Amino acid sequence: MAEASRPYRLRLPGPTAVPERIRKALSEPVVAHRGPEFKEVLTETAALTKPVLGTNNDVMAFASSGTGLMEAAIANVLGQGDKALILVNGQFGERFVQIAEALNREADIIEAPWGEAVCAEAVKDKLAGNNYRAVVAVHNESSTGAVTDLEAIGAVVRESDAVLVVDSISGAGGLDLQQDAWGVDVLVTASQKALMCPPGLALASVSEKGWNVIEKDVGKARFYWDLRKARKSAAQGQTAFTSPIPLVYSLREALTMIHSEGWPEVVSRHVRLCSALRAGAAAMGLSTFTKSPMLSNTVCVLEMPDGLDGSEVVRHMYEKYRTVIAGSRTKLRGKVIRIGTMGGISEDDIRTDLMLLESTFVDLGWSVENGTGMAALDAALQNAA
Ligand SMILES: *Cc1c(COP(=O)(O)O)cnc(C)c1O
């Protein structure tokens, strides 16, 4: 087939494929960012976002990738002399550490081995002996596929003066998330993962406890990222600076799709599809990198057998099948492959993923029993139906 006519399959853990309905929403006319038309769109989008985050807080939108809001969270919460406790179990926890360093903010770190998550007990112990302004965690560690038990950690942090800052960039829109019930004080996410929009729009929502800390001005360097400005603007149906207007249209459309499917149904679809892909892969002899009970359902991270380089699998999937999956750019390089199982995906997507993975293994000279994986995948889908 000619290169251009072969379907291009974007199967990364972000950016994810953007459904056609959402792409069409991007072509709506650009209107004034402080006019009544856009105010209506932004207000509606914020309202549709709240159930997905599990919050009654205002939702603030920014032109940014997710990392911008990770930085904003740190810049707004930690003043001079404040110390954070950062939970690290993968690449994005490490990124929070780098951000704190770049902003000259002090941090203690609790590390869990990659593929596991930091437990609430460890956080409780550290909180008992220290005076932290914030505890910082990643909900869904996309580099390993481990999920952090925010409910348990939130219960511990709630008893302290610290605020809980959470990156749910690859969780929100795909995983159960209860910001208010779990006691998450500053929650950040972005458009291009489970929310199935193009990259460039990031969201934050903050609890009252979070605002009490953010409002304090103790040597905080912030301007574009000043969440106090964002809050005032959000209350007027605006953003502090020019909104990425087409992206807001796209998010409104994505959320409309999510709510018409039903938000709980969207969460269970993610569970069902990712578990089935894991079952299929397991029958092929591939186990997940993360063994912890809290496995991600938005990204499937598979360990490669000894002697097979994951980067080869990624390259072959793209070159022969025009299917883009992720390897790793961390210390797991070559050892794992990562397939996005979030956003507007269906049974067909994961079936095709597994079929192409099987073909790739065979192409690369690995023997896999033909059809075993697919039978297991189908059985898992049946059982969960
Ligand atoms: C993708 C991702 C990020 C980074 O987001 P960008 O939009 O690329 O800046 C941060 N944290 C997690 C958990 C992610 O999956």
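Me: Which residues of helix α5 (residues 120-129) are buried?
Reply: Keep in mind that this is a predicted model. Buried here takes a relative accessible area under 20%. In α5 the residues that count as buried are A120, V123 and L127.

Me: Why do the buried residues of α5 line one face of the helix?
Reply: An α-helix has 3.6 residues a turn, so residues three or four places apart point the same way. On the other side of α5 you'll find E121, D125, A128 and G129, which are exposed. Looking down the axis of α5, the buried residues line one face because they fall within an arc of 60°.

Me: Zooming out, how far apart are the centres of domain 1 and domain 2?
Reply: The chain is split into domain 1, which takes in 9-16 + 262-384, and domain 2, which is 20-259. The contact between them takes 27 residues from domain 1 and 27 residues from domain 2. Taken over C-alpha atoms, their centres are separated by 27 Å.

Me: What share of the area buried between domain 1 and domain 2 do carbon and sulfur atoms give?
Reply: The area buried between the two domains is about 2,200 Å². Of that area, carbon and sulfur atoms give 62%.

Me: How many residue pairs are in polar contact between domain 1 and domain 2?
Reply: Salt bridges don't feature there, as the rule finds 0 across the interface of domain 1 and domain 2. For polar contacts, with both residues at pLDDT 80 or more, the count of residue pairs is 13.

Me: Which element gives the most to the side of domain 1 that touches domain 2?
Reply: The elements giving two or more residues to that side are α11 (263-283) and β11 (299-303). With 4 residues, the one that gives the most is α11.

Me: Is T239 buried or exposed?
Reply: T239 sits in the loop between α9 (227-235) and α10 (245-261). Leaving aside neighbours within four places in sequence, T239 is in contact with R34, L42, A61 and S233. Its relative accessible area is 6%, so T239 is buried.

Me: Which side chain does the side chain of T239 make a polar contact with?
Reply: A polar atom of the T239 side chain lies 2.5 Å from a backbone oxygen, that of F241. The side-chain partner, also listed at 2.5 Å, is S243.

Me: Which backbone oxygen does the side chain of T189 reach?
Reply: T189 has its place in strand β9 (residues 186-190). T189 is buried, with a relative accessible area of 2%. Leaving aside neighbours within four places in sequence, its contacts include L53, L69, S168 and I169. At 3.0 Å, its side chain reaches the backbone oxygen of S168.

Me: On to charges: how many places apart in sequence are the parts that R21 and E253 tie together?
Reply: By the rule, the count of salt bridges comes to 21. One of them joins R21 and E253, whose closest N and O atoms are 2.7 Å apart. R21 lies in helix α1 (residues 20-25) and E253 in helix α10, so the parts tied together are apart by 232 residues.

Me: Which helix holds E347, the salt-bridge partner of R272?
Reply: The side chains of R272 and E347 meet at 2.6 Å, N to O. R272 is partly exposed at 21% relative accessible area, and E347 is partly exposed at 26%. R272 lies in helix α11, so the pair ties together parts 75 residues apart in sequence, with E347 in helix α13 (residues 347-363).

Me: Last one: is K291 exposed or buried?
Reply: The K291 side chain meets that of E303 in a salt bridge at 3.1 Å, N to O. K291 lies in the loop between α11 and β11 and E303 in strand β11, so the pair ties together parts 12 residues apart in sequence. E303 counts as partly exposed at 28% relative accessibility. For K291 the relative accessibility is 55%, so K291 counts as exposed.

Note on methods:
Residues are numbered from 1 along each chain as its sequence is written. This is a predicted model: local features need pLDDT of at least 70, side-chain atom pairs count only at pLDDT 80 or more; totals for chains, interfaces and linings use all residues. Side-chain values use heavy atoms; hydrogens and water are left out. Buried means under 20% relative accessible area, exposed over 50%, partly exposed in between (1.4 Å probe, protein chains only). The arc is that of the directions from the helix axis to the C-beta atoms. Domain bounds come from an automatic or database domain assignment. Contact means heavy atoms within 4.5 Å. Buried area is the accessible area (1.4 Å probe) that two parts lose on being put together, summed over both. A salt bridge is a side-chain nitrogen of Lys or Arg within 4 Å of a carboxyl oxygen of Asp or Glu. A polar contact is a pair of N or O atoms within 3.5 Å; within protein, one must be able to donate a hydrogen and the other to accept it, and residues adjacent in sequence count only if both atoms are side-chain atoms.
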